[in-house]
Amino acid sequence: SRMTHDEATALLDAAGWPVSEGGLRKKNGQTLKVRVVGWQGEAFRRKASDLIVKTWRAAGVDAEVIPVDHAGYTALAQDLGGRAEAFVGGWGALRMPVTVLARKVGTDGAQNRGHFSHPGIDKALGAAAASALNADRMASVREIQLMLDEQVPWIPLAYPDYLFAVRVEIEGLTFGLVDSWYEWPRHLWRARWRAEAGSQRR
């Protein structure tokens, strides 16, 4: 649930983590510390982890970002192992939410699988796309989110984007863990091909 800065700090105070000298919260001599894994190669996770840490520091928490590359992020996300307390997941819609919404809920959106259509949303998407000011675009995005909350066009349980087809003639293909569909096939699909003449087709 959402809360204000004052509400959050009041909860920390009530939990026995008062602000001590130096501006940090301590309890029984122990400093309240939070380490967040921040994948530096992906804009959303990098910016979100920095914002989270900044917010926690303002509340008196000794917070820091652990900067990692993709391999480090994947390893820590699977098992923090006492090296961190949190990591940022999700997709990279932070920079271009209008584009993401247009694809998923616009009448002609490429990922609008259920053929959802709403004149008000289409109008707001058009206004956002035509605006040169980020503040105006974000106002349209908030308007769209409110309309989506009323309509509830879908409840995402699994995304069709995670399903990939392979031709039956292709042999020797081994699939590994896919962290997110938009990374395929750059690093995460981990497809290995056997070098057998005549057995491979794209």
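## Burial and the basis of the model

A residue is called buried when its relative accessible area is under 20%, exposed when it is over 50%, and partly exposed in between, using a 1.4 Å probe and protein chains only. By this scheme D13, with a relative accessible area of 42%, is partly exposed.

This is a predicted model, in which local features need pLDDT of at least 70 and side-chain atom pairs count only at pLDDT 80 or more, while totals for chains, interfaces and linings use all residues. Residues are numbered from 1 along each chain as its sequence is written, and side-chain values use heavy atoms, with hydrogens and water left out.

## Overall make-up

The protein chain has six helices and five strands. Helices (H or I, at least four residues) and strands (E, at least two) are DSSP runs, numbered from the N terminus. Read from the N terminus, the order of elements is α-β-β-β-α-β-α-β-α-α-α.

Of the 202 residues in the protein chain, 29% are buried. Contact here means heavy atoms within 4.5 Å. Among contacts between residues at least 6 apart in sequence, 52% join residues at least 24 apart.

## Helices α4 and α6

Helix α4 (residues 97-105) and helix α6 (residues 134-151) have axes that come within 10 Å and cross at roughly 35°. The axes are lines fitted to C-alpha atoms, for helices over the stretch in contact, and the angles run from 0 to 180 degrees between N-to-C directions. The crossing of α4 and α6 is left-handed.

On the α4 side the contact is made by P97, V98, L101 and V105, and on the α6 side by R137, M138, V141, I144, Q145 and L148. Sorted by class, the contact has eight nonpolar residues, one polar and one charged. In this count Ala, Val, Leu, Ile, Met, Phe, Trp, Tyr, Cys and Pro are nonpolar, Asp, Glu, Lys and Arg are charged, and the others, Gly among them, are polar.

## Nonpolar cores

A nonpolar core is a set of buried Ala, Val, Leu, Ile, Met, Phe, Trp, Tyr and Cys residues joined through side-chain atoms within 4.5 Å. The largest one consists of twelve residues: V98, L101, V105, F116, I121, A124, L125, A128, V141, I144, M147 and L148. Two or more of its residues come from each of α4, α5 (119-130) and α6. A separate core has eleven residues, including W17, V61, A63 and V65.

M147, one of the residues of the largest core, is in contact with H118, G120, I121 and A124 when neighbours within four places in sequence are left aside.

## Aromatic pairs

The structure holds two aromatic pairs. Rings of Phe, Tyr and Trp (its six-membered ring) pair if their centres lie within 6.5 Å; planes under 30 degrees apart count as stacked, over 60 as edge-to-face, and the rest as tilted. W39 and Y73 have ring centres 5.3 Å apart and planes at 25°, so they are stacked. Because W39 lies in strand β3 (residues 33-39) and Y73 in helix α3 (residues 70-78), this pair ties together parts that are 34 residues apart in sequence. Both W39 and Y73 are buried.

The other pair is edge-to-face, because the rings of Y73 and F87 have their centres 5.9 Å apart and their planes at 80°. With Y73 in helix α3 and F87 in strand β5 (residues 86-87), the pair ties together parts 14 residues apart in sequence. Y73 has a relative accessible area of 3%, whereas F87 is partly exposed at 36%.

## Single residues

D13 lies in helix α1 (residues 5-14). Not counting residues up to four places away in sequence, D13 touches P18 and R25. The C-alpha atoms of D13 and R25 are 8.8 Å apart, with the two residues twelve apart along the chain.

N28 is found in the loop between β1 (26-27) and β2 (30-31). N28 is not a glycine, yet has a positive phi of about 55°. Its relative accessible area is 79%, so N28 is exposed.

P119 belongs to helix α5 and counts as exposed at 67% relative accessibility. A distance of 8.4 Å separates the C-alpha atoms of P119 and T107, which are twelve residues apart along the chain.

Key. A crossing is left-handed if the near helix is turned anticlockwise from the far one by less than a right angle, and right-handed if clockwise.
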